[in-house]
Amino acid sequence: MAITHEASPTSALAPNASRRRRRRTSALPVVLVAPAVILLAVFLIAPAIYAIDLSFLHLKITGGLLGTGKPKEVWAGLANYLATLGNSEFWASLGRMVIVAVIGVPATIVLSTVFALSLDVKRARLVGITRLAIFLPYAVPGVVASLLWGFLYLPATSPIGGKFIDYFGSTGVFFSVANVAVWGVVGFNMVIIYTAVRGLSPELFEAAELDGASELQIALRIKLPLILPAVTMVALFSVIGALQLFNEPTTLKPLANAITSTFSPLMYVYAQANINNDIYGGAATSFLLILMTVGLAVLVNVVGRRISGRETK
Amino acid sequence: MSAVTTRVRATTAPAGNGPAAPRFRRRPVSLVPTLILIVGALYCVLPVLWILIASTKTNDELFSTPPFVPQFHGGFLSNMQALFGFNHGVFGQWALNSVIYAIGGGVLSTIVAGAAGYALGKYRFVGSKWIFRIIVAAVLLPQVMLVIPQFLLLAKFGMTNSYASVILPQLVSPFAIYLCKIYAEASVPDEIMEAARIDGGSEWRIFWSVGSRLMMPALVTVFLLQFIGIWNNYLLPYVMLNNDQLYPLTEGLNSLMIITGGQSAQYSIVVAGVLLSIVPLAVLFLSLQRYWKIDLISGGVKL
């Protein structure tokens, strides 16, 4: 990678003789880092650049008035982007994703935080077994979880009242999809937050305990503000996860008429590239989604930092 | 909350006989958090329990018997036979493929991440800062969005529809490298490396017999994360593969559902497949739980 060589002058510090000798004699770190750098370049950076390149091209039929020649890739400028931004189905898929996210993301954050704080309450019982149980769905692949819940939703087999509740109706389907996603990730996020809670020094709340503060007060007033960085990270994971919504609706699609092949933005990209064979438009849509994801990630980070910054002051 | 705990104390203390009473007074159960945990556990376990029970039913029983009552009329065996007999035993092939993808990809990507993390965490060399910056930026890049460009790129070299097309793109995980770098910095002391150098150990030897040992908890965690990630991955094989002999379980089960989607006569086969794809992973997972260092991930927040 060309970028790596430009940084050489900066690393020529370090007065320590032994260190200098080590750097001169050992090629080991470069050898160790090489596979990662090569793979990163080939499978992340190259596809990203390739996608950006494709997003500015489109096919043009050339050769004669009848267009019998081979189609040729020509510069399209922003046409693909404008086409995506002008497509109402793209916005509809974004809208559906937002609805699922508005249901699923707060549910994930609240449930995993409440479970983590409950686990840490001194006199709570059954802590070990319930923690394991809540973590269990993480071991279930998203697709398999969707099939599993599909049976639970399906009127013919549903043990949870599928005969009376329309889990695949035009409103219900959003809750059904969000529920599968929440079910899959809540345990993992709980463990992340629980680890943060366990990392707090007991001295922080011993004084409050002596002063007669209840467990609820300790959890909400002392523990919660201190674990906000971990909660922010869970929020970040959840938001990014929502943008990548694909597995659950794709798997539930054969069961639910309300799920179209462009239900979520990523499904839209897939349909564009693989069903309509418009790889150029698909690349443009992908790149738009990447921009949105990075933008949202930065936003969640900034907001999270501001909240936890204010709380700790 | 205190109201709840005192109420519990008031009701349980008299109930306890002589010697047990003081113990109750000292450690009353916090009712609300315990109830919350029980409800959460039921929410997470009942669907899996339902699939376990459903797998004991023949297809007719699936629709006619109460949902949480297992049936013992040979339904389980006939479901398994139907599943493994389906399409000349393709289910077994899917399971094998999942194992190949997850173990192969998991081991290789852990080695890649561990080596890179150690180099970035313990050495400063030409470009090390830049490489690390690019990796941190790549953590934010949603890899799922790159699947279609990856497919197009591999298609140019005729590499799609192969084991390699599923494993190769998953070999590099910026997040795993990041975790390994942070862990190497914190857990491999310079003093030990220096002492080993004075004893005449080569850099490679130090990495192999000191660094990698000390990094073992991080490596196990990264391996499990990668294993699960690859096992659960659906989009990548979905895009890369069109030969059902190469499908992993996720892909295979979904195709089974699509094939049988119209005809509910086949649901019990899918139920059996779903069960079989959950159980091994859940067992592996729960038994390895103690080797997990998820706090590594929490520690990773402070970017």
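Analyst: Let's start where the two domains of chain B meet: four residues of domain 1 are in contact with four residues of domain 2. The domain 1 side of that meeting has four nonpolar residues, no polar ones and no charged ones. The assignment puts domain 1 at residues 2-54 and domain 2 at residues 90-299. Keep in mind that this is a predicted model. For chain B the pLDDT averages 82, and 85% of the residues score at least 70.

Now for helix α5 of chain B, which covers residues 75-85. Its buried residues are B:Gly75, B:Asn79 and B:Leu83. As for what covers the buried residues, the list includes α4 (59-64), α6 (90-122) and α16 (267-287), which belong to chain B. Following the helix comes B:Asn87, which has a positive phi, near 50 degrees.

The loop between α4 and α5 of chain B holds B:Pro66. Is B:Pro66 buried or exposed? B:Pro66 is exposed, because it has 9 other C-beta atoms within 10 Å, and the cut-off for exposed is 12 or fewer. Between the C-alpha atoms of B:Pro66 and B:Ala54 there are 9.9 Å, and the two residues sit twelve places apart along the chain.

Next, the partner chain. On the chain B side, 87 residues are in contact with 88 residues of chain A. Helix α3 of chain B, residues 31-54, gives the most to that side, with 14 residues. By class, the chain B side comes to 67 nonpolar, 15 polar and five charged residues. For the complex, the predictor reports an ipTM of 0.82 and a pTM of 0.81.

Chain A has its own pair of domains, at 13-77 and 87-312. Seven residues of domain 1 and six of domain 2 make the contact in chain A. On the domain 1 side, α3 (28-55) and β1 (57-61) are the elements that give two or more residues. Here α3(A) gives the most, with four residues. That side divides into five nonpolar residues, two polar and no charged.

The axes of α5 (residues 88-120) and α13 (residues 265-275) of chain A come within 8 Å and cross at roughly 145 degrees. From α5(A), the contact takes A:Glu89, A:Phe90, A:Ser93, A:Leu94 and A:Met97, while α13(A) supplies A:Pro265, A:Met267 and A:Tyr268. Sorted by class, this contact has six nonpolar residues, one polar and one charged.

Methods: Residues numbered from 1 in each chain as written. Chains lettered and ligands numbered in written order. Predicted model: local features only at pLDDT ≥ 70, side-chain atom pairs only at ≥ 80, totals over all residues. Nonpolar A, V, L, I, M, F, W, Y, C, P; charged D, E, K, R; others polar. Axes fitted to C-alpha atoms, helices over the stretch in contact; angles between N-to-C directions. pLDDT = per-residue confidence, 0-100. Buried ≥ 20, exposed ≤ 12 C-beta atoms within 10 Å, placed from the backbone. Domains from an automatic or database assignment.
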